[in-house]
Each structure stands twice: as structure tokens, then as C-alpha cells.
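Visitor: I would like to talk through this structure with you. Could we begin with the strand pairing?

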Amino acid sequence: MWKGKLAVLGGRLDLTISIVPLAGGRFFAALDVPAQKVTRMMTELTVRGDSVLFVMPGAGSRYAARYVATKRQLEGTWTQSGVKSPLELYYAPMPTLGSGTTSRLAPPYHEEEVMFSNPVSRLNLGGTFTVPPGKGPFPAVVLVSDIGAQDRDGTIGNFHLLGTLADYLTRRGIAVLRYDDRGVGKSGGNSALATTAMLVSDVQAGMNFLRSRIEVNIGHIGVIGHGEGADVALLAAGQPLPPAFVVSMAGYGLTGEQTLLQQQVAQLKAKKLDPAIVQVAYERQKTMYEIIRQSTPSQALSIVSNMMRQDQPDLTPEAAQLAAAEQLTPWRRYFLTFDPVAELDQVKCPVLLLSGTDDAEAPADLHLVALEKELRSISHSTVVRRLPGANHLFQPPKTEWVLMNGEMQPILAPVAADAIREFIEGLGPKKPVAPAEAKAK
């Protein structure tokens with residue numbers, strides 16, 4: 001962050017330019033002038049040696065400066081409407097929390113901690129509701145996470161898929177509700193006990209929460225799901241009071257058993273194991289899933305724990321029992337037999353199917369193709385996008401990641417975010433045609 005005071009007629013304006021280095025020697029920069037309510041204005045940045053040039057097209061301004069390393073500051077001239085003013089900007093690190101974790105700057109929209117009730121499952125879910133600035137009502141979405149118990153931001157490592165997407169959409173006029181999965185954060189329940197079908201009631205509860213808010217356009221509420229969350233969103237679209245639209249981000253189109261087996265094979269291949277070893281592991285896992293599907297829970301527990309001890313001789317009987325129990329949760333027993341395309345004939349709303357070409361967990365040629373084929377057979381309002389280079393988390397190739405503190409940090413692929421925004425905006429109310437235009441047509 002580079003901060004300074006710009007001399008203007010009648011006083012001085014505090015301004016800040018935030019700069020983030022990107023891969024390939026490029027930069028992201030944005031201008032903030034609180035007194036003039038300028039927030040995150042796009043700024044073009046060019047660096048040549050110690051010479052720095054900032055151009056703010058939206059303000060008709062430019063700042064040409066020289067970097068003085070000994071003072072760690074920029075010294076130069078700000079030009080706007082032909083008027084030139086000297087300006088010095090001083091370096092300031094991003095504010096940090098006591099733990100050393102970088103804090104998030106206050107967003108330019110309303111952010112609210114919320115609790116909403118799921119009367120079907122008799123539990124409460126905790127989440128975050130974000131509302132764009134300005135006059136509503138706004139279109140709105142509920143975000144739904146992939147397999148596994150995840151927090152409201154969809155945190156995987158240091159990447160926050162749902163939190164990043166929520167921020168992007170809210171800044172562009174779309175209200176967003178994201179929530180902790182069952183048993184995570186401030187949400188009640190237990191994810192291991194909730195089947196894919198049961199999770200539909202969580203989405204319905206989220207949509208009802210949005211319908212109760214004055215800031216939301218009741219007729220323009222959709223659901224965006226990732227992975228299993230996409231399948232949950234599509235199931236919700238086949239129920240009474242469905243969403244106005246669904247966005248499927250890497251939704252699964254194969255049965256649950258096929259999906260889990262395919263993911264295991266992809267993980268083993270990524271380790272560059274011998275193909276023969278991969279095949280043996282595949283057959284072994286397939287046998288285990290068949291036992292889980294066709295046996296009673298007690299029988300399956302005994303057999304699966306025995307299989308695990310055979311595969312891992314050092315495993316104690318107690319540890320094998322615990323590991324086997326994790327394979328026999330109600331969620332997994334249901335998911336193994338779950339067919340995501342079986343009930344798509346009930347989906348009547350517009351659907352956007354998104355998939356990355358580098359998605360190893362839900363390859364487009366398997367999952368996207370299956371969903372597309374079924375949806376197109378029943379509806380003409382299905383849009384399909386394959387995003388070059390994006391992986392399962394919709395991150396772009398690493399060459400496009402952000403460079404922070406000397407390390408490459410993942411980002412949400414801009415093409416994915418833009419595709420979702422354009423789809424939602426395209427479903428909104430059309431602007432009325434002026435009488436003269438109508439007559440001309």
C-alpha cells in the first residue's frame with residue numbers, strides 16, 4: 001500500500017494506491033480516495049527501473065514518480081485536467097492481525113453475520129450475507145460447497161473458493177448467502193450423517209432466508225453449487241419453490257461410486273505410480289464399495305476393517321475399525337448409489353454448466369458431458385462453458401497466480417467469475433425499449 005496526501009484547491013486529500021505483484025512481471029493496482037468515495041478504482045501501472053507511472057482512466061489522472069529506495073517512497077507529479085501537483089507516496093504494509101495473518105480490508109458493501117433455520121432437519125445454520133451498495137432489490141444467490149465438511153468460504157488450504165466468489169459477485173450487484181456446512185463453524189448437525197438428498201433442505205432454507213430480506217429480488221434468487229453442491233442445487237431445482245436459476249461448478253454427472261473411484265485413480269496417477277499398481281488399487285477399492293453397498297452396516301464394518309489391516313499390516317484393530325467406520329457413514333453409503341442425472345427431468349430453470357479443462361476430480365469429458373446431455377434433452381435454457389486451464393477449484397494455470405510475499409498464491413480464474421456474472425445478469429429484467437426505438441424496430 002502506498003499512501004499520501006494530494007494538494008487540491010482548499011485542502012489535501014488522503015489517497016492510497018494498493019499494488020499486488022502478479023506473475024510475469026505484471027501488477028494489479030487500485031486507487032482509493034475515501035473523501036471522494038473512490039473505492040478500488042482500476043489503475044494501470046508501468047514500472048521501468050526506478051520510474052513508475054500510474055494511470056487512472058476513470059479519474060482522467062496520472063501519476064509519474066521515481067522510487068527512492070533509501071526513503072522507501074515515491075516522489076513525483078500528479079496530473080489531472082492539465083493541473084500538476086507534487087505528490088509523495090509512502091510505503092505501508094498491509095495491516096496484520098496479532099497472529100501475523102493478513103487481515104482483510106473492509107469491503108465496499110454490507111456484510112452481515114446471520115443464522116437461519118432449517119425446519120426440516122431441525123437445525124440452525126450460520127453464514128454470511130453480503131449485500132451490494134446502492135438501491136435494491138438485488139438478484140441473489142446461495143452458495144453450496146463440494147464434498148466434505150467445509151466452512152462458509154469453501155476453504156481448501158489457503159484458497160477460499162466460495163468466499164472469493166461471494167466477494168466478486170457482491171461487488172458487482174449480486175447479494176450472496178454462504179454458510180458453514182453442518183457441524184462446521186456456527187452450523188449445527190453432522191455432515192457425515194447428512195446425505196446428498198438431505199442437504200437439499202439446507203439450500204431451501206437458505207433461499208427462504210433470502211426471500212425474507214427486503215434487499216433481495218424474490219424473483220431472481222439462484223443457487224451456485226460446487227462439485228456435490230452443484231448436484232444439490234440441481235436437486236433443489238426439481239422441488240417446489242425452486243431457484244430461478246442454477247450454476248453448476250464442476251458438478252458430478254456420474255454415480256457417486258464412479259466419481260469416487262475416478263478421483264482415486266486420478267490421485268494415484270498424479271503420484272506417477274506404476275499403472276499395474278493403480279489398477280490393483282482400483283479393483284480393491286471397487287470391491288470395498290460393493291461390500292459397503294450390499295452388506296449390512298455391521299457386516300461391512302467387519303469386512304472393511306479386515307481389508308484395511310490386510311492392506312496395512314501395521315494398522316491396529318482399533319485403528320482399522322475407526323478407518324472402516326469413516327467409510328460407512330450415512331453420507332457415503334448414500335453417495336455410492338447416488339445418480340445425479342436421475343432426477344434432472346424435474347429441472348425447469350436455466351442452468352449454467354461450468355467445467356475446467358484441467359479438472360482431474362470431475363473431468364469435463366465424463367461429468368459435464370453427462371449433465372449436458374440430460375439437461376439439453378429436457379430444456380433449451382442450458383448454457384455450457386469449458387474454461388481453458390481451470391482446475392477443479394476453478395483456479396487458472398499457476399502462471400496466472402498472484403505473487404505475494406515471494407510465493408505464488410492461487411486465485412479464482414477471472415474467466416469463471418465473469419461467466420457466472422454474465423449468466424446471472426443475462427437472466428435479469430430487460431431494460432424497457434424507448435417508444436422511438438420500438439417504432440424503428
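Guide: Strand β11 and strand β15 (residues 216-226) pair in the parallel sense over 6 bridges. Two strands pair if DSSP finds at least two bridges between them, and strands are DSSP runs of E of at least two residues, numbered from the N terminus. This is a predicted model, in which local features need pLDDT of at least 70, side-chain atom pairs count only at pLDDT 80 or more, and totals for chains, interfaces and linings use all residues. Residues are numbered from 1 along each chain as its sequence is written, and side-chain values use heavy atoms, with hydrogens and water left out.

Visitor: Which residue in β15 does Ala140 stand opposite?

Guide: Ala140 stands opposite Ile221.

Visitor: How many bridges join β11 to β14?

Guide: There are 4 bridges between β11 and strand β14 (residues 175-179), and these strands run parallel.

Visitor: How many residues of β11 are buried?

Guide: In β11 (residues 138-144), 7 of the 7 residues are buried, so the strand is largely enclosed by the rest of the structure. Buried means under 20% relative accessible area, exposed over 50%, and partly exposed in between, with a 1.4 Å probe and protein chains only.

Visitor: Changing topic, how many aromatic pairs are there?

Guide: The structure holds 11 aromatic pairs. One of them joins Trp2 and Tyr67, edge-to-face, at 6.0 Å centre to centre and 90° between the planes. Rings of Phe, Tyr and Trp (its six-membered ring) pair if their centres lie within 6.5 Å; planes under 30 degrees apart count as stacked, over 60 as edge-to-face and the rest as tilted.

Visitor: Which parts does that pair tie together?

Guide: Trp2 lies in strand β1 (residues 2-8) and Tyr67 in strand β6 (residues 61-68), so the pair ties together parts that are 65 residues apart in sequence. Trp2 is buried at 13% relative accessibility, whereas Tyr67 is partly exposed at 31%.

Visitor: And how are Tyr334 and Phe338 arranged?

Guide: Tyr334 and Phe338 form a stacked pair, 6.0 Å centre to centre with 25° between the planes. Tyr334 is partly exposed, at 27% relative accessible area, while Phe338 is buried at 6%.

Visitor: Which residues do ring pairs link into a cluster?

Guide: The cluster consists of Phe116, Phe129, Tyr179 and Phe209.

Visitor: Finally, what does Thr382 touch?

Guide: Leaving aside residues up to four places away in sequence, Thr382 touches Val351, Leu353, Leu375 and Arg376, where contact means heavy atoms within 4.5 Å. Thr382 is in strand β18 (residues 382-387) and is buried, with a relative accessible area of 6%.
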